[in-house]
Amino acid sequence: QFFDNDSKIIASNLPKNNLQVWDALTKKQLAKIETPEELKSDDKFWAVFRDAKLLSYRQGRGKIKGVEDGTRLGVEIAYPQSAVHLWSVNTGKLLETIQSTPPNQIRSFQISPDQEFLLTHEYASGTFFETQPDFVRMFEFASKKWREIPREIEFPVLISSDSKQAFAFIKSGKQNIAAGIGVYRFPDFKLIRQIDLSPGFIGGSQLVLSDDERYLFAQFNIYQ
């Protein structure tokens with residue numbers, strides 16, 4: 001992954017999850033971040049953030065056991081504390097840890113184009129007899145506070161380049177089935193418009209804006 005407007009490139013070394021920063025032109029290694037043992041994970045994602053900083057997350061593996069409630073079978077899932085970590089590229093030091101509270105499992109994250117907000121895709125701990133709920137949360141870097149956003153929003157969220165609008169599939173309440181596409185004001189996620197869809201399967205789907213951001217393209221599977 002390249003730094004914006006720069007020739008530096010980052011590469012993660014799996015399974016150790018150490019990070020190396022290289023100059024793509026001179027082929028010289030500029031920095032190396034050795035992830036501490038307690039922050040290592042089998043599934044780690046790195047993203048460039050602001051002034052020579054990087055974000056990573058530790059997913060955390062849950063403890064799962066089967067449960068029974070009369071005629072129903074379900075699962076009880078308990079996740080350890082997941083977090084997103086902010087690193088310095090220049091020093092390789094951990095600068096900040098953003099905890100997911102309560103301890104949900106962070107599956108992925110994205111940064112808004114203005115780099116003011118962090119959006120996380122999370123799964124909750126608990127006992128479930130049907131589907132395990134997933135949801136999107138948003139962290140504001142300036143206030144260092146989490147913001148609640150509508151639970152029906154599907155991850156990932158497409159955000160306009162000026163960070164004033166957001167687009168996302170809207171959950172219908174049935175697993176992997178979209179009710180429509182929501183157009184929201186960002187960052188307060190006030191619904192501006194809902195584009196209704198024929199029942200659509202949203203697994204592997206995506207939303208894309210045209211270069212001039214006048215048109216929204218949606219790819220999804222028709223559910224029958």
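Buried means under 20% relative accessible area. The legends below describe a predicted model.

**View 1. Strand β17 is largely enclosed by the rest of the structure.** The strand spans residues 177-185. Of its 9 residues, 7 are buried, so the rest of the structure largely encloses β17. Its pairing with β16 is antiparallel and runs over 7 bridges. Within this pairing, Ala168 has Gly182 of β17 as its bridge partner.

**View 2. The largest nonpolar core holds 15 residues.** Leu119, Val157, Phe186 and Phe189 touch the most other members. Two or more residues come from each of β11 (117-123), β13 and β16 (165-171). Strand β16 gives the largest share, 3 residues.

**View 3. Val157 and its contacts.** Leaving out residues up to four places away in sequence, Val157 touches Gln110, Leu119, Val136, Ala166, Phe167, Ala168 and Phe189. A second, separate core has 12 residues, including Leu86, Ile98, Ile111 and Leu118.

**View 4. Phe141 sits in a loop.** This loop lies between β13 (134-140) and β14 (145-147). Phe141 has 9% relative accessibility, so Phe141 counts as buried. Its contacts, without residues up to four places away in sequence, are Phe49, Arg50, Leu55, Ile98, Gln115, Glu116, Phe117 and Leu118. Glu116 is 25 residues from Phe141 in sequence. In space, their C-alpha atoms are 5.8 Å apart.

Note on methods
Residues numbered from 1 in each chain as written. Predicted model: local features only at pLDDT ≥ 70, side-chain atom pairs only at ≥ 80, totals over all residues. Heavy atoms only, no water. Helix = DSSP H or I, 4+ residues; strand = E, 2+ residues; numbered from the N terminus. Buried < 20%, exposed > 50% of the residue type's maximum accessible area, 1.4 Å probe, protein only. Contact = heavy atoms within 4.5 Å. Core = buried A, V, L, I, M, F, W, Y, C linked by side-chain atoms within 4.5 Å. Pairing = 2+ DSSP bridges.
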